[in-house]
Amino acid sequence: MTMMAPQSYVDELEDESYETLIKERDKLIREIRHFEKHREEIMNSEEAQICPSPDVVYQWNLDALALLCMSISRKVNEKYE
């Protein structure tokens, strides 16, 4: 699996609606929570041997979430300006 940069991921969502951005945010949060809840199990499984590894995907999700939240904030500001 090839991963794009978190900023590129968010840039691709730039023209999406506020509602779509919220759905993407929720998806990232679910993936982050899943990893956090099952970290030991995941990192001790064969899944940890794949590339990118689950901990790298976790970090990517955190970075993407941070950028996406800033994008959501800008979208809300644009909507109400």
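How many helices and how many strands does the protein have? The protein has four helices and zero strands, where helices (H or I, at least four residues) and strands (E, at least two) are DSSP runs numbered from the N terminus.

## Basis of the model

This is a predicted model, in which local features need pLDDT of at least 70 and side-chain atom pairs count only at pLDDT 80 or more, while totals for chains, interfaces and linings use all residues. Residues are numbered from 1 along each chain as its sequence is written, and side-chain values use heavy atoms, with hydrogens and water left out.

## Overall architecture

Read from the N terminus, the elements follow the order α-α-α-α. The C-alpha trace spans about 50 × 25 × 15 Å along its principal axes. Of the 81 residues in the protein, 31% are buried; buried means under 20% relative accessible area, exposed means over 50%, and partly exposed lies in between (1.4 Å probe, protein chains only).

## The nonpolar core

A nonpolar core is a set of buried Ala, Val, Leu, Ile, Met, Phe, Trp, Tyr and Cys residues joined through side-chain atoms within 4.5 Å. The largest such core has 16 residues, and Tyr9, Leu28 and Leu68 have the most contacts inside it. Two or more residues each come from helix H1 (6–12), helix H2 (18–37) and H4. With seven residues, H4 gives the most to this core.

## Salt bridges

Side chains of opposite charge can pair when their charged atoms come close. Two salt bridges are found in the whole structure, each defined by a side-chain nitrogen of Lys or Arg within 4 Å of a carboxyl oxygen of Asp or Glu.

One of them joins the side chains of arginine 25 and aspartate 26 at 2.8 Å, N to O. Arginine 25 is partly exposed, at 25% relative accessible area, and aspartate 26 is also partly exposed, at 28%. Another joins arginine 39 to glutamate 40, with the closest N and O atoms 3.7 Å apart. Here arginine 39 is partly exposed, at 40% relative accessibility, whereas glutamate 40 is exposed, at 54%.

## A negatively charged surface patch

Asp11, Glu12, Glu14, Asp15, Glu16, Glu78 and Glu81 form a patch of negative charge on the surface. Residues in patches have over 30% relative accessible area and no salt bridge, with like charges joined within 9 Å and nonpolar side chains (Val, Leu, Ile, Met, Phe, Trp, Tyr) within 5 Å. Among the members, glutamate 78 lies in helix H4 (residues 54–80). Glutamate 78 is exposed, with a relative accessible area of 55%.

Terms used
Accessible areas come from the Shrake-Rupley method with a 1.4 Å probe; for residues, only the protein chains shown count as cover. Lys and Arg count as positive and Asp and Glu as negative; His and the chain ends are not counted. The place of a charge is taken as NZ of Lys, CZ of Arg, CG of Asp or CD of Glu.
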